[in-house]
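Biologist: Could you go through this model with me, and show how each term is set against its definition?

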Amino acid sequence: MEPIERAREFARRLEEIYGEELVSVVLYGSAARGDYREGVSDLNLLVLLRAVNPSVLHRGTEIAREWAAQRNPPPLMFSEAEWRASADVFPIEYSDMRDAHVVLHGLDPFEGLHIDWEHLRLNCEHELKSKLIQLREQYLLLADDPQGLGQMLTRSFPTFLTLFRAGLRLAGESAPRDSDVTIAAVAAHAGFDPAAFQEVLAARSRGAELSPAADDPVVTGYLTSVSRATAWLDGLQAPSTSA
């Protein structure tokens, strides 16, 4: 079954369980952007309900377990009111989901939703600097472990790609759905060679493992790229239109 059809079937079962309490079911992430890779990518779902409490959650336990057993993350569960009140604390996630989503049931939760530019900037700067620090810590510990370094690169890649898309939005540009285009656009702005990120993207797309040495250009270039992207973001000013 195709990924989107698996998601639609899950949405259908949610509707059976929750009925009119179910407001929206939305597919987001790689499957919505069109770059889903079987065995590598996740099927990400957002579920909005009229209200969320332990008894409501418990009703969905069985199908959530089945969903997770298929190597999917559990769906994000929000009440309708919580969703509307959380754009200021999850601006990166909201903007990324807004730009690539498929409504499987109910209302489009992004219709009329405003994401403040300054909230997005602060969140993105915090996340990118935090992840850069973590990347350096991991490199420090794994420099003599080629397999560990490879896992560091491939596991951190989706997070940095999300932050790169957020950076382009902050710069007043649309965030491309194509990962290669996103990397190239941020590289051009921040002044780094995109080769390291492109190599990690290619490895993830093939399902291949990387085992680079500590001084391999894919490792050193990756760290340099994140550092320069962080410096670029730090200097961004608000464009004439908000995110």
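Biologist: Which strands does helix H1 lie across, and at about what angle does helix H1 run to S1?

Modeller: In this predicted model, helix H1, residues 3–18, lies across S1, strand S2 (44–49), S3 and S4, and runs at about 165 degrees to S1. Angles go from 0 to 180 degrees between N-to-C directions.

Biologist: How do you know that S1 and S4 pair, and in which sense?

Modeller: Pairing requires at least two bridges between two strands. Strand S1 (residues 22–28) and S4 have five bridges, in the antiparallel sense, and therefore they count as a pair. Within this pairing, Val 25 stands opposite His 105 in S4.

Biologist: What makes S3 and S4 the edge strands?

Modeller: The four strands form an open sheet in the order S3-S2-S1-S4, with mixed pairing. Strand S3 (76–79) and strand S4 (101–106) each pair on one side only, and they are the edge strands. From one strand to the next, the twist averages 20 degrees.

Biologist: What lines the largest pocket, and which helix gives the most to its lining?

Modeller: The largest pocket holds about 1,000 Å³ of space. Its lining has 33 residues, and those closest to its centre are Arg 33, Pro 158, Thr 159, Thr 162 and Arg 165. H8 gives the most, with seven residues.

Notes: Residues are numbered from 1 along each chain as its sequence is written. This is a predicted model: local features need pLDDT of at least 70, side-chain atom pairs count only at pLDDT 80 or more; totals for chains, interfaces and linings use all residues. Side-chain values use heavy atoms; hydrogens and water are left out. Helices (H or I, at least four residues) and strands (E, at least two) are DSSP runs, numbered from the N terminus. Contact means heavy atoms within 4.5 Å. On a 1 Å grid over the protein atoms alone, a cavity is a set of points where a 1.4 Å probe fits but cannot get out, and a pocket is an open set with protein on both sides within 12 Å along at least five of seven lines; lining residues have an atom within 4 Å of a point. Grid points are joined across faces, edges and corners, and a volume is the space filled by probe spheres set on the points.
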